[in-house]
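Biologist: I would like to learn how to read a model of this kind, feature by feature. Could we go through it together, with the general idea before each case?

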Amino acid sequence: MLVTVGPYLYRNTQLLQKICRVLRVYYLSALDLVRSSDGSSSQEGSAYENSRVHLKEVRLRVEEALGTCLLPSLQLIPANPAVGNEIWEVMSLLPYEARYRLYGEWEKDDERNPLLLAARQVAKLDTRRILKRLAKENLKPLGRMVAKLAHANPMTVLRTIVNQIEAYRDMIPPVVDAFKYLTQVSEAV
């Protein structure tokens, strides 16, 4: 059902948060099953193998839900760090290889969906607008504004910041100070 809903889950943030919590418990229960069935006898060994296969299936389902529904939905929600933290709670359970693969797929999905592409372009333009005004004097409010944009679009915002820093080296200290306002999802990207 989550694949069918896709990124349009952004319209109900409470449901999105509940789905994140359910997915987290679903994955943790599969991990607990593997840990509890770790035995030495042959009969328990087959139970261990069954639980490993089950864990693999659960992980694939969680990754599919994250890639097709939760991450794209996050991109469409205007600055809600609570949703970002709920999604991070699920993503943090996955190995880093799976997380970075999901980040790459998330970036590619933006190009196929016009709604996500528009959200990405708006985030890129807003980031550039804020970075033009960023200085030591107004660091705190503008740093918070950058973090607010990065709640929903961490990939786009951080890529734009890196491009701007490559062009203007004197922006490095203010941008580094602004990064202290980022959430866990933004920091992981």
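Biologist: Is Ser-51 buried or exposed, and with what relative accessible area?

Modeller: Buried means under 20% relative accessible area, exposed over 50% and partly exposed in between, with a 1.4 Å probe and protein chains only. Ser-51 has a relative accessible area of 3% and therefore counts as buried. Its place is in helix H3, residues 42-76, where helices (H or I, at least four residues) and strands (E, at least two) are DSSP runs numbered from the N terminus. With neighbours within four places in sequence left aside, Ser-51 is in contact (heavy atoms within 4.5 Å) with Leu-33, Val-34 and Ser-37.

Biologist: What should I keep in mind about the source of these values?

Modeller: This is a predicted model, in which local features need pLDDT of at least 70 and side-chain atom pairs count only at pLDDT 80 or more, while totals for chains, interfaces and linings use all residues. Residues are numbered from 1 along each chain as its sequence is written, and side-chain values use heavy atoms, with hydrogens and water left out.

Biologist: How many helices and strands are there in the protein chain?

Modeller: The protein chain has ten helices and zero strands, and its C-alpha trace spans about 65 × 35 × 25 Å along the principal axes. Of the 189 residues, 44% are buried, and among contacts between residues at least 6 apart in sequence, 73% join residues at least 24 apart.

Biologist: At what angle do H6 and helix H7 pack?

Modeller: Axes are lines fitted to C-alpha atoms, for helices over the stretch in contact, and angles run from 0 to 180 degrees between N-to-C directions. Angles under 35 degrees count as roughly parallel, over 145 as roughly antiparallel, 65 to 115 as roughly perpendicular and the rest as oblique. H6 and H7 (residues 139-152) pack at about 165 degrees with their axes 10 Å apart, which means that H6 is roughly antiparallel to H7. In this pair, Ala-123, Asp-126, Thr-127, Ile-130 and Arg-133 of H6 meet Leu-142, Met-145, Val-146 and Leu-149 of H7.

Biologist: How does H6 cross helix H8?

Modeller: The axes of H6 (residues 114-133) and H8 (residues 154-167) come within 9 Å and cross at roughly 40 degrees, so H6 is oblique to H8. The contact is made by Arg-120, Ala-123, Lys-124, Thr-127, Arg-128 and Leu-131 of H6, together with Thr-156, Val-157, Thr-160, Ile-161 and Gln-164 of H8.

Biologist: Where is Arg-99 found, and which residues is it in contact with?

Modeller: Arg-99 is found in helix H5, residues 96-112, and is buried at a relative accessible area of 17%. Leaving aside neighbours within four places in sequence, Arg-99 is in contact with Trp-88, Met-91, Ser-92 and Leu-94. The C-alpha atoms of Arg-99 and Gly-67 are separated by 9.7 Å, although the two residues are 32 apart along the chain.

Biologist: What is the phi of Ala-79 near?

Modeller: Most residues other than glycine have a negative phi. Phi of Ala-79, however, is near 45 degrees, a positive value in a residue other than glycine. Ala-79 lies in the loop between H3 and helix H4 (81-91), and at 25% relative accessibility this residue counts as partly exposed.
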